[in-house]
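Reader: I am new to protein models and would like to learn how to read one. Could we go through it together?

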Amino acid sequence: KIRNLGTRVAKNVKISLTQTDESIKGLLYDSSIEMGDLLPGESRNATLVIAADYKIPRTTARFSIEVLEENGFNIPSEYFDIAIRPETGPFKLAWESPNLPDTTVFDPDMTIKIKIQSGVPIKTISIFNNNIIQISDYNLNKIRNVYSFNHPLSLSKGQNIIKITVENEDNNTIEEIRKVYFQSEKRLALIIGNSDYVYGGTLKNPINDARAMSEALQKVGFEVLKYENLNQKDMKKAIDDFGTQLYNYDIGLFYYAGHGIQSGGFNYLIPIESQLLAYADVEYDCVRADRILRKMEYAKTDVNVLILDACRDNPFERKWSRAASGKGLAFMDAPSGSIIAYATSPGRTAADGSGKNGLYTEALLKYIQKGGLQIEEVFKNVRKEVEQRSSGKQTPWESTSLKGYFYFKRKF
C-alpha cells in the first residue's frame, strides 16, 4: 500500500522490484508497476506477482523494492525475503499391496507396498495395525516426485485393519485404511470329475466343473487335490490319501461331479470303467459315498463339506429290470460338524447342463466366491437360483449338522 503523506501531488509514481539474489534461477516477477499520480493523503494498493517454476526447490529469495516519483521524491530501497513454495501438484497415496479395500489372505506375512506422490519432501509415515503402531520411521525410494515405500508386516489371526498416515513438509496429511482378513485355518479339498464313461457315454460338464471348482476353492484358501476320469481303484486311493492328509487340516471338502446311484439305501459314485450289467454289480463296481464321510469323521476336522453333483440320469439303468431302478441319490444324515449338499433333492435327477458348467455347479461357483456368506447362506442362494433357472424342475438339497460358523470367503 502506497500513501502520499506530503502536501503536493506525487507525479507518475512507479514501484520497482528487483531480485537481489541472482543465484536462484527461474523466478518470474513483475519488475515494475505504474501507479500514476497520488494526491496528498491518497493511498493506493499495488500488486506485484512473483512466480516460481515448478522445478525450483523450496527456498527463500531476497528482493528489493523502491518507490520512484517524477520530481525526485523517492523512497529508499527496502529489502525483504520471500519464501518460494512452487506449486507441488497433487498429494496422494496409491496402494500396490494390498490393492483392494477388503482382502482375505492365507499367509501371515505381508509386505505393505505404497506409492506417494508429493511435490515436497515426506516428513513422516506411520503404519498401524488394529490401532497398534507398527512403524514410525521409513526408507523411501524417490523418482521425481513419486516416493515408493515397502514394509513387511506380520498379520494377526482374523481381522487386520491397516492404517497408513503420511505427512509432507507442507503439513498436508493423508490417512488411508485397508482391511485384511488373515484366514489361519488350514483347508484341504478333494475334487473328482468323471466324464468319459467307457460303458455309460460321455458327460459334458464334470471335467469343466471339477476344474472350475478347483480354481475357485484355491482362491478362498483351499489346498486342492484334483482328479479326472478315475477308475474304481484310483477313486478309492484318492479318497484314502485325502483322509490321511486331512488329519493335519481344520476344514475338509469333497466335491464330486459325474454319475452316481443309490442302491439298498446307500449312495455310490460310479467310476469310469464300471459296466454295471446288473443292479447287483453296483455294490462291487462302484465307490460308496460313505467312504469319504468316514475318512472325514476320523480326521476330526472342525468342518466337513461333502458336495455331490452326481444326480444325473443313470445310463446303466435301462439294462436292469424296472423294479431295480432307483432315480437320483438317497438322503444321507450328515455326521456331527458336517454338511452334505446335493445338486437336487433325494430321489430326483438333475440335468448335466447345456453351458460350460452344470446348472448346480455354475451357481455354486458364483456364491462360493461372494464374501460374507455363511455356508448355509451359500447353499440357500444356490437353491434359489437353480430352482428359478430350471423352472422348478431341480431343487438342490442339504443335510447339515454344523456346530459353528463357516465362510468360504470372509468380508468386513
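Author: We will look at helix packing, then a pocket, then some backbone details. This is a predicted model, where local features need pLDDT of at least 70, side-chain atom pairs count only at pLDDT 80 or more, and totals for chains, interfaces and linings use all residues. Residues are numbered from 1 along each chain as its sequence is written, and side-chain values use heavy atoms, with hydrogens and water left out.

Reader: Where do helix and strand names come from?

Author: Helices (H or I, at least four residues) and strands (E, at least two) are DSSP runs, numbered from the N terminus.

Reader: At what angle do α2 and α4 cross?

Author: Axes are lines fitted to C-alpha atoms, for helices over the stretch in contact, and angles run from 0 to 180 degrees between N-to-C directions. Here α2 (residues 232-245) and α4 (residues 290-299) cross at roughly 15°, and their axes come within 9 Å. Angles under 35 degrees count as roughly parallel, over 145 as roughly antiparallel, 65 to 115 as roughly perpendicular and the rest as oblique. So α2 and α4 are roughly parallel to each other.

Reader: Which residues of α2 and α4 meet?

Author: Contact means heavy atoms within 4.5 Å. From α2 come Lys236, Ile239, Asp240, Phe242 and Gly243, and they meet Arg291, Ile292, Lys295, Met296 and Ala299 of α4. To sort residues by class, Ala, Val, Leu, Ile, Met, Phe, Trp, Tyr, Cys and Pro count as nonpolar, Asp, Glu, Lys and Arg as charged, and the others, Gly among them, as polar. The contact of α2 with α4 has five nonpolar, one polar and four charged residues.

Reader: How do α5 and α6 pack?

Author: The axes of α5 (residues 359-368) and α6 (residues 375-389) are 9 Å apart, at an angle of about 140°. That makes α5 oblique to α6. Among the α5 residues in this contact are Leu359, Tyr360 and Leu364, and α6 brings residues including Val378, Phe379 and Arg389. By class, the contact of α5 with α6 has 10 nonpolar, one polar and four charged residues.

Reader: What angle does α1 make with α5?

Author: Helix α1 (residues 206-219) packs on α5 at about 5°, with the axes 10 Å apart. That makes α1 roughly parallel to α5. Asp209, Ala212, Met213, Ala216 and Leu217 in α1 meet Thr361, Leu364, Leu365 and Ile368 in α5. Seven nonpolar, one polar and one charged residues make up this contact of α1 with α5.

Reader: How much space lies in the second largest pocket?

Author: On a 1 Å grid over the protein atoms alone, a pocket is an open set of points where a 1.4 Å probe fits, with protein on both sides within 12 Å along at least five of seven lines; lining residues have an atom within 4 Å of a point. Grid points are joined across faces, edges and corners, and a volume is the space filled by probe spheres set on the points. The second largest pocket holds about 290 Å³. It has 16 lining residues, and the closest to its centre are Arg3, Asn4, Ala10, Glu69 and Phe73. The lining divides into 10 nonpolar, three polar and three charged residues.

Reader: Where is the cis peptide bond?

Author: It runs from Ser97 to Pro98, with omega near -5°. Pro98 sits in the loop between β9 (92-97) and β10 (102-105).
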